Amino acid sequence: MWPWGASLDEAPCVWVLGLFCRNGLWTVWNPPLRASSTAHLTREPFKPTFVHMNRRPELDSLRGILLVLMTLTHLPTRLNTISNQPFGFVSAAEGFVFLSAFLVGVVYANKIEAADPNVLWRSLWQRALKVYGYHVALLAFAFAVIGTLGMATHRPAIHNLLGFFHEDPITALWSSLFLLYCPPLLDILPLYVVLLLLTPFILLGARKAGWTRILCLSGLVWLSAQLGLKRALYDLLVFIPVLPWPPLRIELSGAFDFFAWQFLWVLGVWLGVGRATAPEKREVVSPVLLSGALVVSVALLLMRYQVGIFSIDLDLYGALVDKWTLAPVRLVNFLAVALLASWLSPKVFRWLRPRVLEVLGRASLPVFSVHLVLCLLSLALLNENEDPLADWEEVVVLVATFTVMLLVACRQAAALRNSQTP
């Protein structure tokens, strides 16, 4: 039984997905809980039993690892060749979006049954507004400081980043506030804002129609994204002559294809809700499934680094592993890696407790935002020829960046402790 009554037998169209998630990610992300209700053994309508979820430090540590990988990837140092997709055709962005969605599902599942559904809407939209506030602050810094610096110093790295702002600053300003213009590095928070705004529809729709329909609909949208849904909608808007729209080129709307990435978000929310509501005891993860995930992960890792017989022509097959459209092979790769990571992480973190990563992960939003500020500033260090930084410059950039990120995380933790002190 899935949350809110959609059984696997009633959903043959998502059987493969259900098999993987129910016996794999579902079990690992959701450790066995004592059943607090026997409603699922009767013919009565399923009523979710909400389970309080204690903070799981391994999830904070995972977010900390993802923040470190993203920072190393975005900084203009030679380490970005190592940190960019080190585990196959999987980047830190997939993990960050999925883990955020999982935690949203856990936290907001109990608000679905509230007498007033406005509680759910208000809470999620306030969260979206908070993220939007961080995004606007980053835009202001990028346009006012980095844009001015780029024009004054003629740095090509900055010009490439904010080229449209330099071409048409007025349109860039208002369209960025409406999340239409998303410069590189500043395009993941807009995606997060839209996904948060979409989440009440997902949760309430799943409550009314069941998760089977929600997953099928989300999967169809993802499939349409692989076939060019975003471009088709853009061309349709261009074709309508009465609309003064769109005001900018499609490539300026951000690299992430929302129609594809929403599927990863829906999967994460679904599993998070299952963690908070499913009362039945969950079976142990299948060794066969773990072995299959390991084989898939290793094979795609070898393809990623073009090892031996696993060398492939990425120019020919690149569409199957495309990051921005969350292509099919990339999605399979992520699910396999996520299964292995979620199975292994509790065991690793019980033995090795990385406190620094936990602190970073608990303050993910401010730490993520400050890392973008530091990455934008570091672009000013690149000269007109965009030559690599000297060794000592890279060391200074890395030490300064992670020091500031840790200070922000510690300050956030201190503020949280003070707010909880009576």
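This note sets out points on the fold, the salt bridges, selected residues and the surface of the structure.

1. Basis of the model. The structure is a predicted model, in which local features need pLDDT of at least 70, side-chain atom pairs count only at pLDDT 80 or more, and totals for chains, interfaces and linings use all residues. Residues are numbered from 1 along each chain as its sequence is written, and side-chain values use heavy atoms, with hydrogens and water left out.

2. Overall fold. The protein has 18 helices and 0 strands. Both are DSSP runs numbered from the N terminus, helices being H or I with at least four residues and strands E with at least two. Of contacts between residues at least 6 apart in sequence, 81% join residues at least 24 apart; a contact means heavy atoms within 4.5 Å.

3. Burial and total surface. Of the 422 residues, 49% count as buried. Buried means under 20% relative accessible area, exposed means over 50%, and partly exposed lies in between (1.4 Å probe, protein chains only). The accessible surface of the protein comes to about 20,800 Å², and carbon and sulfur atoms account for 67% of that surface. Accessible areas come from the Shrake-Rupley method with a 1.4 Å probe, and for residues only the protein chains shown count as cover.

4. Salt bridges in general. The count of salt bridges is 8. The rule requires a side-chain nitrogen of Lys or Arg within 4 Å of a carboxyl oxygen of Asp or Glu. Asp60, Arg63, Glu358 and Arg362 are joined in a network of such bridges.

5. The pair Asp60 and Arg362. Their side chains form a salt bridge with an N to O distance of 3.4 Å. The pair links distant parts of the chain, 302 residues apart: Asp60 belongs to helix H2 (residues 57-74) and Arg362 to helix H16 (residues 355-362). Asp60 is buried, at a relative accessible area of 3%, whereas Arg362 is partly exposed, at 45%.

6. Arg78 and its two partners. Arg78 forms a salt bridge with Asp391, the closest N and O atoms being 2.5 Å apart. Because Arg78 lies in the loop between H2 and helix H3 (80-83) and Asp391 in helix H18 (residues 391-420), this pair ties together parts that are 313 residues apart in sequence. Arg78 also forms a salt bridge with Glu394, where the closest N and O atoms are 2.9 Å apart. Glu394 lies in helix H18 as well, so this second pair ties together parts that are 316 residues apart in sequence. Arg78 is partly exposed at 42% relative accessibility, Asp391 is exposed at 54%, and Glu394 is buried at 9%.

7. The surroundings of Arg330. Arg330 is part of helix H15 (residues 328-351) and is buried, with a relative accessible area of 2%. Its side chain reaches the backbone oxygen of Phe89 at 3.1 Å. Leaving aside residues up to four places away in sequence, Arg330 touches Gln85, Phe89, Val90, Ser91, Glu94, Leu320, Val321, Asp322 and Lys323.

8. Two positive phi values. Gln85, one of the residues that Arg330 touches, has phi near 55°, a positive value in a residue other than glycine. Gln85 sits in the loop between H3 and helix H4 (92-108) and is buried at 13% relative accessibility. Leu326 likewise has a positive phi, near 50°, and is not glycine. Its place is the loop between helix H14 (314-317) and H15, and Leu326 is buried at 1% relative accessibility.

9. Cysteines. The structure holds 0 disulfides, a disulfide being a pair of cysteine sulfur atoms within 2.5 Å. Cys182 is buried, with a relative accessible area of 6%, while Cys216 is partly exposed, with 21%.

10. A nonpolar patch. Ile170, Leu173, Trp174, Leu177 and Phe178 form a nonpolar surface patch with about 520 Å² of accessible area together. Patches are made of residues with over 30% relative accessible area and no salt bridge, like charges being joined within 9 Å and nonpolar side chains (Val, Leu, Ile, Met, Phe, Trp, Tyr) within 5 Å. Leu173, a member of this patch, lies in helix H8 (residues 169-177) and is partly exposed, with a relative accessible area of 38%.

How values were computed: A polar contact is a pair of N or O atoms within 3.5 Å; within protein, one must be able to donate a hydrogen and the other to accept it, and residues adjacent in sequence count only if both atoms are side-chain atoms.
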